[in-house]
Amino acid sequence: MRALVAFILLATTSVAAQEARRPDQNVNPTAANLADFKMRVDEYLSVRKKAKGDAPPLKQTPDPAEIRVATEALATAVRAARPDARQGDIFTPEIQMTFRHLLSPELKGQEGQHAKKVLKDDAPIGVPLKVNAKYPDGKSFPTVPANLLLNLPKLPSEVEYRIIGKNLILRDTGADLIVDFMLDAIK
């Protein structure tokens, strides 16, 4: 009898767990993916805020050497706070699919041709696509055309989008780190 009760309890729990994982049929998948992206960026910013508290503060200074030291200290603290960070932590496959869908119409037609030209002209060479990697010194920060930015979720000032070739990166502006990236964002 005890085995039967345990089996029924296990089966009921399993069905309930499957129901909980089943996506709500009324939720717009694009909206859900954008909400997930925002949540993941917010989680990163929470980790960054704690890491920033562990790093020496940047005082206002015109000295580039002091700014570089503070930037590297923040980068080191962020890396230590997320040592297992990997590609896809923020740009999950579902979020990548949504971003490609949002970017695609903006790369068609005459306006799209202009955007592609800007991306090609500004593309720096030799930027490593590696999470927690420093954005290389001396490499330009490519312009992201306004029509593309308007279709992507707005970001807080601590992070920004950059397009390197056909790839989209999420860059920490204060730590000068690549937070995450997605390959082939631009078709």
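The following legends describe close-up views of a predicted model.

The model is predicted, so local features need pLDDT of at least 70 and side-chain atom pairs count only at pLDDT 80 or more, whereas totals for chains, interfaces and linings use all residues. Residues are numbered from 1 along each chain as its sequence is written, and side-chain values use heavy atoms, with hydrogens and water left out.

**View 1. Overall arrangement of helices and strands.** The chain has six helices and three strands, defined as DSSP runs (helices: H or I, at least four residues; strands: E, at least two) and numbered from the N terminus. From the N terminus on, the order of elements is α-α-α-α-α-α-β-β-β. Of the 187 residues in the chain, 35% are buried (under 20% relative accessible area; exposed is over 50% and partly exposed lies in between, with a 1.4 Å probe and protein chains only).

**View 2. The largest nonpolar core.** A nonpolar core is a set of buried Ala, Val, Leu, Ile, Met, Phe, Trp, Tyr and Cys residues joined through side-chain atoms within 4.5 Å. The largest one holds 33 residues, of which Phe37, Phe99 and Leu170 touch the most other members. Two or more residues each are given by helices H2 (29-54), H3 (64-81), H4 (93-103) and H5 (109-122), and by strands E1 (159-164), E2 (167-172) and E3 (177-182). H2 supplies the largest share, five residues.

**View 3. Surroundings of Phe37.** Contact here means heavy atoms within 4.5 Å. When neighbours within four places in sequence are left aside, Phe37 is in contact with Ile90, Phe91, Ile95, Phe99, Pro153, Leu155 and Tyr161. A second, separate core has eight residues, among them Ala85, Tyr135, Ile169 and Ile178.

**View 4. Asn132 in a loop.** Asn132 lies in the loop between H5 and helix H6 (146-149). The relative accessible area of Asn132 is 11%, so this residue is buried. Not counting residues up to four places away in sequence, Asn132 touches Arg79, Arg82, Ala85, Leu177 and Ile178.

**View 5. The three-stranded sheet.** Three strands form an open, antiparallel sheet in the order E1-E2-E3, where pairing requires that DSSP finds at least two bridges between two strands. E1 and E3 are the edge strands, each pairing on one side only. On average, neighbouring strands are turned by 30° against each other, direction ignored; axes are lines fitted to C-alpha atoms, and angles run from 0 to 180 degrees between N-to-C directions. E2 and E3 run antiparallel and are joined by five bridges. Leu168 has Met182 in E3 as its bridge partner.
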